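Colleague: I've got this model open and I'd like to learn how to read its pockets and interfaces. Could you walk me through it?

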Amino acid sequence: MNYLLKRLLAVIPVLAVVAVIVFLLLHLAPGDPAVIIGGDTASAEDIERIRETLGLNRPLPEQFFHWVGQILQGNLGTSVFTGMPVAEMIMQRVEPTLWISALTMLFAVVFAVPMGIVAAWKAGTWFDRAISGLAVAAFSLPVFVIGYGLVYGFSTRLGWFPVQGFKSLSDGFVPFIRHLALPVISGGLIYMALLARMTRSTMLEVLGEDYIRTARAKGLSKRRLLLRHALKNAAVPIVTTIGLGIAMLLSGVIVTESVFAIPGIGRLTVDSILRRDYPVIQGIVLVTATAYVVINLVTDLLYGLFDPRIRY
Amino acid sequence: MTTPYPDQSPAAPILEVEDLRIAFVSRDGIVRAVDGVSWQLQPAEMLGIVGESGCGKSVSAMSVLKLLPGPPAMYSSGSIRFRGEELLTASEVRMRQLRGNAISMIFQDPMTSLNPVLTIGEQIAEVLILHQKLSKRAAWKRAGEMLDLVGIPEPNQRLRDYPHQFSGGMRQRAMISLALACNPAVLIADEPTTALDVTIQAQIMELLARLRREMGTAIVLITHDLGVVAECCDRVVVMYAGSKVEEATVDTLFARPCHPYTRGLLAAMPGLDMAADAGHRRLAEIPGMVPSLKQAAIGCRFAPRCAAAQECCHVTIPELVVVAREAPDHLAACFRACEAFRGELA
Amino acid sequence: MDTPMIALLEQRLERLRKQPRAIRFAARNPVLVAGAFLLLGMLALAVFAPWIASHDPTEMNVVERLKPPSAEFLLGTDALGRDIFSRTLYGARVSLLVGVSVAMFSALIGIFVGTVAGFSRLADKLIMRVMDGMMAIPGILLAVALMTLIHASVATVVIAIALPEIPRVVRLVRSLVLTIREQPYIQAAQATGTRLPLVLIRHVIPNLMTPLIVQASFIWASAMIFEAYLSFLGAGTPPEVPSWGNMMAEGRSVVQLAFGIILYPGIALGLTVLAVNLVGDGLRDLLDPRIARKL
């Protein structure tokens with residue numbers, strides 16, 4: 001219980017640092033942020049209005065604590081473009097992004113971990129080389145090139161999947177999956193490559209351990225050796241990678257949404273970039289960073305399931 | 001018990017290693033880790049294999065169970081027979097039937113040799129379920145008995161513990177109970193006490209000696225500690241640079257070592273008499289280093305370090321010969337073994 | 001005496017030993033050599049772009065819009081009638097420049113901050129907290145946030161991409177410094193009165209170089225992809241810069257008509273990133289397999 005509490009409390013400074021970073025970016029950026037956000041066409045009144053919305057007229061510490069106080073009450077600020085509360089804008093867009101992220105994670109874990117295990121088992125064979133080669137290739141291609149490639153092949157040419165868009169689960173399961181299949185694959189490949197590589201190298205490391213030699217000396221089959229003796233030992237680093245890779249996954253999802261015109265957080269980001277709507281971007285950064293921290297907290301707590309030496 | 005072995009007369013050796021050669025192949029060259037080694041193990045016997053690290057003693061022991069990783073290790077020739085059955089050409093499936101069942105092994109470091117994420121009970125029961133086809137319940141019961149046998153108090157509670165909850169000595173006891181769970185005919189103990197405290201070492205060796213008496217298991221004890229050999233073993237094989245240089249019963253070897261390397265090892269051993277006149281005698285050392293095994297041997301591998309070396313030692317490989325008519329089971333691979341046996345060598 | 005099998009192997013090894021050193025090196029490090037050749041090829045294309053290109057990369061020609069590949073326009077033209085082949089060549093310059101600059105910039109900052117963290121307990125706590133916070137923000141969002149606040153140029157893009165890479169370098173440098181500072185020779189140098197800055201320059205920094213070069217090459221590779229992401233999201237280099245990212249971002253609106261506008265710069269980018277990744281992998285294997293775990 002002590003560990004649990006400690007781990008929960010450790011989340012606070014991380015999020016505090018995230019808040020300070022997004023706050024300081026606005027104020028440390030060279031030039032007057034209000035002028036930059038206003039853009040070339042903004043009039044003097046526009047800029048004054050932006051300054052007012054962002055609270056730029058007050059002294060820095062006061063601004064910061066006021067801002068943090070608002071966040072803690074769930075108020076992420078107001079968009080300088082639409083005038084809507086940022087929290088509301090994000091909530092409207094969160095559903096597709098949640099679905100893509102969750103399915104991408106599921107897809108990547110389900111394929112990557114077995115692939116990594118088999119690659120480690122058959123280290124040095126053509127299968128292992130093929131997996132490693134595919135992983136390097138996935139690391140080398142931008143998500144949107146993969147995305148457009150899939151669209152060109154499977155949608156434009158073969159017509160198996162819709163070119164773009166998003167259907168909610170309430171519109172039926174089949175349309176929902178058909179719309180999400182290509183985004184999930186294109187956004188998930190790099191995360192999958194990361195996981196497969198990590199699983200392989202961790203498994204190889206574990207397979208070199210003394211207790212694996214003991215297990216072999218007991219006459220166990222290769223399958224039991226891998227799945228019972230090696231995998232459980234490799235689980236902690238693999239789960240860690242799943243958690244840490246979330247940042248990479250989210251980056252991929254944001255770009256993928258643009259490719260498939262999915263009205264999620266990624267699209268909101270692109271729209272806000274065009275409008276130089278910093279409060280919205282700030283809100284998105286805070287929300288994704290919180291999601292990242294929470295997911296990693298959960299993976300940390302999962303360690304105890306795999307390693308008896310960790311006790312809470 | 002179901003052990004489908006071919007019929008064997010009781011006098012026959014249970015394990016025979018004959019002219020075994022093992023090479024490790026890499027781009028940098030071929031290391032002849034084991035270079036033509038033969039030995040035999042009689043039922044219920046304890047055989048010691050002694051030598052410096054890197055002399056091939058562990059490699060030859062691992063090779064009995066074919067546990068060496070497939071490349072780079074390569075068996076280039078020879079024969080390993082268990083109850084007359086050839087193991088070098090045996091299938092992986094057959095080897096798995098034998099491992100942990102008819103032939104078991106315990107390793108040097110008990111801290112790393114047990115799986116940290118499985119309980120002691122799971123690890124012992126696993127081997128019983130696999131080989132003896134016991135039910136889970138029966139396997140756990142038997143596992144508890146095994147822990148009791150190796151002297152772990154409250155065995156049935158300790159079965160639920162993980163290795164990190166055991167001390168080093170207790171882990172090695174658990175390793176031994178794991179290895180002996182299926183009542184194997186042969187136990188290969190690879191430096192079982194090296195990683196332990198001195199007091200624990202003696203306890204573990206006592207335990208092995210007792211279990212050998214009670215269960216009739218033949219044991220191959222691999223060690224660099226001649227003291228341990230003197231206390232427990234029946235016979236000794238001395239290895240140097242991948243070859244067997246001397247073999248004899250324990251008493252003979254300690255009384256009349258014939259190979260200069262064995263003599264060096266014995267001289268380097270702190271004896272009881274040392275304590276008596278401490279400060280007067282220094283431990284002897286063997287000058288020079290173990291030769292590289294990347295080149296094929298031309299002469300005796302030990303010749304560069306040997307005080308008694310003659311010209312022929314550098315150009316001809318000495319054959320393993322019986323040192324004297326009166327000691328027919330005392331073998332040494334040295335041109336001057338007979339002189340040494342008769343005490344004519346300084 | 002050797003068995004026939006060993007003798008045969010020995011002969012074969014002997015034959016391998018007689019091969020020229022370059023061939024032996026290539027045979028042992030195929031990944032590194034392949035990556036290096038590919039990267040050299042891309043560098044050559046970037047350097048000699050003015051001589052290879054058939055057109056001015058910024059010259060618009062409304063009559064020749066969205067032309068398929070032909071003898072005049074090797075890879076066709078884009079929506080403004082610019083030659084895709086020439087633009088792709090010039091794009092290599094921007095991409096490679098951004099990649100190398102990001103790698104060097106984040107490495108320099110990382111060495112400085114990481115060394116401070118490694119030597120000062122007090123600063124360490126603060127620095128690592130800040131780094132944890134930075135790592136919690138998906139890199140693309142951190143870069144986007146910065147780019148919405150500053151004027152877009154190649155230099156600001158470099159800074160925006162380098163920012164999220166810095167924590168990874170800091171962590172690597174710090175963990176290495178913590179190991180190195182316990183080494184006897186560092187303690188000996190300090191004990192004999194060598195001043196800390198001198199100890200750092202003479203003993204610590206050189207020991208950081210090997211793992212850092214490997215990591216810098218991976219940052220280089222990912223920075224080129226990030227450059228494309230930023231342009232694609234509309235937060236990258238100004239649109240008039242012929243970068244691969246900008247080309248692909250512009251191709252988005254006409255992707256159904258002319259897939260090539262995205263495909264060709266995409267292939268060029270993919271090959272270049274692949275080359276750098278291969279060099280990184282190869283270097284890592286060549287220099288020290290143990291550091292693989294830390295990256």
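Modeller: Let's begin with the lining of the second largest pocket, which by class has 11 nonpolar, five polar and six charged residues. Ala, Val, Leu, Ile, Met, Phe, Trp, Tyr, Cys and Pro count as nonpolar, Asp, Glu, Lys and Arg as charged, and the others, Gly among them, as polar. Bear in mind that this is a predicted model, where local features need pLDDT of at least 70, side-chain atom pairs count only at pLDDT 80 or more, and totals for chains, interfaces and linings use all residues. Residues are numbered from 1 along each chain as written, chains are lettered from A in the order written, and side-chain values use heavy atoms, without hydrogens and water.

Colleague: What volume does the second largest pocket have, and which residues are closest to its centre?

Modeller: A pocket is an open set of points on a 1 Å grid where a 1.4 Å probe fits, with protein on both sides within 12 Å along at least five of seven lines; lining residues have an atom within 4 Å of a point. Here the volume is about 550 Å³. Of the 22 lining residues, B:Asp35, B:Gly36, B:Ser243, B:Ile317 and B:Pro318 are closest to the centre. Strand S2 (29–41) of chain B is one of the contributing elements, and S2(B) gives the largest share, four residues. Strands are DSSP runs of E, at least two residues; helices are runs of H or I, at least four.

Colleague: Now the interfaces. How much area do chain A and chain C bury between them?

Modeller: Interface size is often given as the accessible area lost when the parts come together. Buried area uses a 1.4 Å probe and is summed over both parts. For chain A and chain C that is about 4000 Å², 77% of it on carbon and sulfur atoms. A:Phe144, A:Tyr148 and A:Ile273 supply 15% of what chain A buries there, more than any other three residues. The contact (heavy atoms within 4.5 Å) takes 46 residues from chain A and 44 from chain C.

Colleague: How many salt bridges cross the interface of chain A and chain C?

Modeller: The rule wants a side-chain nitrogen of Lys or Arg within 4 Å of a carboxyl oxygen of Asp or Glu. It finds one: A:Arg197 with C:Asp281, closest N and O atoms 3.2 Å apart.

Colleague: And how much do chain C and chain B bury?

Modeller: About 1200 Å², 57% of it on carbon and sulfur atoms. The salt bridge count there is zero.

Definitions and conventions. Buried area = accessible area lost by both parts, 1.4 Å probe. Points joined across faces, edges and corners; volume = space filled by probe spheres on them.
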